[in-house]
Amino acid sequence: MNETIYFSSVPIGPYIFIQSLYLPIGVLSIIGNSLVLVTFIKYKTLREADCADLVAALSFGDLICGAGAIFISLARLEIALLKDFNFTRFYCIFSAVPNLFGIEMSQAMTMAIAIDRLFAVSNPFAYRVMNHRRYAKISFAISIFCGCIVLVLSTAGVDFGTPPSRCQWSTSVQPISLNIYVTGNALVGPIVAVIYATVIYKQRKWNKHTSAGKGDAAIKKFLDAQAKMTTMLTRLVVVYCILVAAPLTIFEFWTVSKISPEFTSAFISPMRNIMVSFNSAVNVVVYAHSSSNIRPFLINLLTCGKKGALGSPASDNDNAAAFS
């Protein structure tokens, strides 16, 4: 393997540019999601919100994804800048595993949030008394399991004694492992989109119910808080569909069509991964922009409490609105 052969499908300049995009994404993701997690740990009021544990688990997955993006970038840039083509299959696979592990965790938690919202708008009164923390713990455990599937796919049937043709996860694992990974991720996006389309439809029905003056004041306040939370999480899912679901699903059809396999492996696949990784950095912006109640917590954290004390006990309805 030499430079001419390795960069035959994508010139070295564009290759370096593409791989460098991971670095700022990783840094922003680590900083932003670390802030969210520290805020979640520090402020009791925020932890008591219905969806707080789900959002914290999603941020944890995004944090791993961001750290993994930096690992990928440094590993791939080391090959291009130092002209080191003596890479091993183990190096090429496991330099990408942290990023893929985080992506799978984030996918699973986004699905969990969608299911949580579907239950909230389908039966809001039963949702009001459910054990949200237990649901979040189960969802988090499932997300860890989904991440571990990447480890299985990364090692199953792999001959670590032979180097791959390119230093990429997709060309280093077994073809069946790649097909399972791509197909599974391509299916998750449309499922989340369908669930959330149902959520929006049902939420509109509840909005008509409350605007018609049905129910007492406490019920209206609870439903209003849930509606605000659904609005914020809807924006989160819309961003997910644009940056994650659509690229993964389109890439699956592109791969099945076998359109320019070398170009796909060298350019389309990395750009897809960059868009998916970028979602981990954007989610923090969605939290801060969409939630008028979470912003004071972040501001208070960043200013070392100089903006005033936070974290006092909150009522059920206030807790429900903490992420609204």
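**View 1. Around G61 in the predicted model.** G61 touches G102, M105 and S106, leaving out residues up to four places away in sequence; contact means heavy atoms within 4.5 Å. This is a predicted model, in which local features need pLDDT of at least 70, side-chain atom pairs count only at pLDDT 80 or more, and totals for chains, interfaces and linings use all residues. Residues are numbered from 1 along each chain as its sequence is written, and side-chain values use heavy atoms, with hydrogens and water left out. G61 sits in helix α5. Helices (H or I, at least four residues) and strands (E, at least two) are DSSP runs, numbered from the N terminus. Is G61 buried or exposed? G61 counts as buried, at 0% relative accessibility. Buried means under 20% relative accessible area, exposed over 50%, and partly exposed in between (1.4 Å probe, protein chains only).

**View 2. S143 and its contacts.** S143 belongs to helix α9. At 0% relative accessibility, S143 is buried. S143 is in contact with M105, A108 and M109, leaving aside neighbours within four places in sequence. The C-alpha atoms of G61 and S143 are 8.4 Å apart, while the two residues are 82 residues apart along the chain.

**View 3. Helices α5 and α9.** These two helices pack at an angle of about 20 degrees, with their axes 9 Å apart. Axes are lines fitted to C-alpha atoms, for helices over the stretch in contact, and angles run from 0 to 180 degrees between N-to-C directions. The angle makes α5 roughly parallel to α9. Angles under 35 degrees count as roughly parallel, over 145 as roughly antiparallel, 65 to 115 as roughly perpendicular and the rest as oblique. The crossing of α5 and α9 is right-handed. A crossing is left-handed if the near helix is turned anticlockwise from the far one by less than a right angle, and right-handed if clockwise. From α5, the contact uses D53, L54, A57 and F60; from α9, R133, Y135, A136, S139 and F140. By class, the residues of this contact are 6 nonpolar, 1 polar and 2 charged. Ala, Val, Leu, Ile, Met, Phe, Trp, Tyr, Cys and Pro count as nonpolar, Asp, Glu, Lys and Arg as charged, and the others, Gly among them, as polar.

**View 4. The salt bridge of D53 and R133.** Side chains of opposite charge can pair when their charged atoms come close. The side chains of D53 and R133 form a salt bridge, 3.2 Å from N to O. D53 lies in helix α5 (residues 52-82) and R133 in helix α9 (residues 132-155), so the pair ties together parts that are 80 residues apart in sequence. A salt bridge is a side-chain nitrogen of Lys or Arg within 4 Å of a carboxyl oxygen of Asp or Glu. D53 is buried, with a relative accessible area of 15%. R133 is partly exposed, at 41% relative accessibility.

**View 5. The salt bridge of D116 and R117.** The whole structure has 2 salt bridges. One of them joins D116 to R117, with the closest N and O atoms 3.1 Å apart. D116 is buried at a relative accessible area of 2%, and R117 is buried at 0% relative accessibility.

**View 6. Helices α3 and α5.** The axes of helix α3 (residues 22-42) and α5 come within 8 Å and cross at roughly 155 degrees. That makes α3 roughly antiparallel to α5. The crossing is left-handed. This contact has 17 nonpolar, 7 polar and 2 charged residues.
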